[in-house]
Amino acid sequence: MIEVTHKISIPSILEVGKGNIGNLGQLIKKGMFKKIAIYFGEGIYELFGEIIEKSVREAGIEISNVAAVTNIDFQEVAVKAFEIPNDVEALIGVGGGKAIDVVKYMSFLRKLPFISIPTSTSNDGFSSAGASLTLNGRRMSIPAKTPYGIIVDIDVIKGAPEKFIYSGVGDLVSNITAIYDWKFEEDNNKTTVDDFAVMISKKAVNSFVRTEFKSIRDDLFLKELVDSLTMNGIAMEIAGNSSPASGSEHLISHALDKFLENPELHGVQVGIATYIMANVQQHRVSRITKILSSTGFFDYVSTLKMKKSDFKKAVEMAKDIKPNRYTYIHIDKNIELAKKIIDENEILSKILI
């Protein structure tokens, strides 16, 4: 019998709590780094730059350079990666999804540890191995590496605009439909499911949806959201692909990205698509409805004036986004059912125009 081993990477530093931005130096020090480079998302340095620099220097760590991430073009990022001095021992990314993706990919190219410091919870990108960059003006997913460290300050997350929290909720709840799609693929002999990755993905979303809260800015709610999105990244690392947290609902969102001039946040689109596909799958509809209703996700979406016609177009395009997969949306009758649900479902009729 041939023994197959599968190496997985998990963060060596994982800190989720209050006040972590001001204590960043001591937290990073766990990695024994002597010299680092720090990259901030647009507008983030003005908020936290001086606090972070002071904390890092007080911990005895040298800062090689500080820069702002303004461009997510694949080729530009590659050029920037090889401008990093050779004596830098780790890269720090502070900000939203774009900043994290850029620094994650630079660290992959330079084979350097990467520490992810998200300032919002719009999706699970801060914990995953993939990076979303642009090539010829279009977003595309590129293999990168799992962060060496993840440091989250709950007070910072709490201060971010609520749209980012809703986006994180939408991205996380999609685990439910994604896992069902993955099982569907296995049942149709198209793939083999990694049961451990499924377990982690299920635990992530179940822990979150069972959290009691009065407000989406409650400390416990935000910590559970961050913890669960972090577990998503680990589930995908175990699986070696995005299937534990990305199924037909993500394909619909990616399709929207292809033709909308101004797409909404990824997790917002995914959350709506998750509700659509749960109805198609007839799986956990009540649970998904409850969390998207109780958090105020549906109420927020109703202010965006998103169109039914756009979602129907995206549903038709979705199976061509990843033709190598075999989800519920790859079946013609389910495409028609999804469009019918978009037209006739009571909740969708309230939140989409």
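A cavity is a set of grid points where a 1.4 Å probe fits but cannot get out, and its lining residues have an atom within 4 Å of a point. In this predicted model, the count comes to one cavity of 30 Å³ or more. The largest cavity has a volume of about 50 Å³. Its lining is formed by Gly 95, Gly 96, Gly 97, Ile 100, Pro 118, Ser 120, Ser 122, Asn 123, Gly 125 and Phe 126. Sorted by class, these lining residues comprise seven polar and three nonpolar, with no charged residue among them.

A pocket, in contrast to a cavity, is an open set of points. For the second largest pocket, the volume is about 240 Å³. This pocket is lined by 14 residues, and the closest to its centre are Tyr 39, Ala 67, Ala 68, Lys 80 and Met 106. Which elements each supply at least two residues of this lining? They are strand E3 (62-68), helix H3 (74-81) and helix H4 (97-110). The lining of the second largest pocket holds eight nonpolar residues, along with three polar and three charged ones.

Attention now turns to a pair of helices. Helix H6 spans residues 162-173 and helix H7 spans residues 175-187; their axes come within 5 Å and cross at roughly 25 degrees. Angles under 35 degrees count as roughly parallel, and H6 and H7 are therefore roughly parallel to each other. On the H6 side, the contact is made by Asp 171, Leu 172 and Val 173, while H7 contributes Asn 175, Ile 176 and Thr 177. Three of the residues in this contact are nonpolar, two are polar and one is charged.

Charged side chains complete the picture. Side chains of opposite charge can pair when their charged atoms come close. The structure holds 19 salt bridges. One of them joins the side chains of Asp 219 and Lys 158, with an N to O distance of 2.5 Å. Asp 219 belongs to helix H9 (residues 219-239) and Lys 158 to helix H5 (residues 154-159), so this pair ties together parts that lie 61 residues apart in sequence.

Definitions and conventions: Residues numbered from 1 in each chain as written. Predicted model: local features only at pLDDT ≥ 70, side-chain atom pairs only at ≥ 80, totals over all residues. Heavy atoms only, no water. Axes fitted to C-alpha atoms, helices over the stretch in contact; angles between N-to-C directions. Helix = DSSP H or I, 4+ residues; strand = E, 2+ residues; numbered from the N terminus. Parallel < 35°, antiparallel > 145°, perpendicular 65-115°, else oblique. Contact = heavy atoms within 4.5 Å. Nonpolar A, V, L, I, M, F, W, Y, C, P; charged D, E, K, R; others polar. 1 Å grid on protein atoms, 1.4 Å probe; cavity = no way out; pocket = protein on both sides within 12 Å on 5 of 7 lines; lining within 4 Å. Points joined across faces, edges and corners; volume = space filled by probe spheres on them. Salt bridge = Lys/Arg side-chain N within 4 Å of Asp/Glu carboxyl O.
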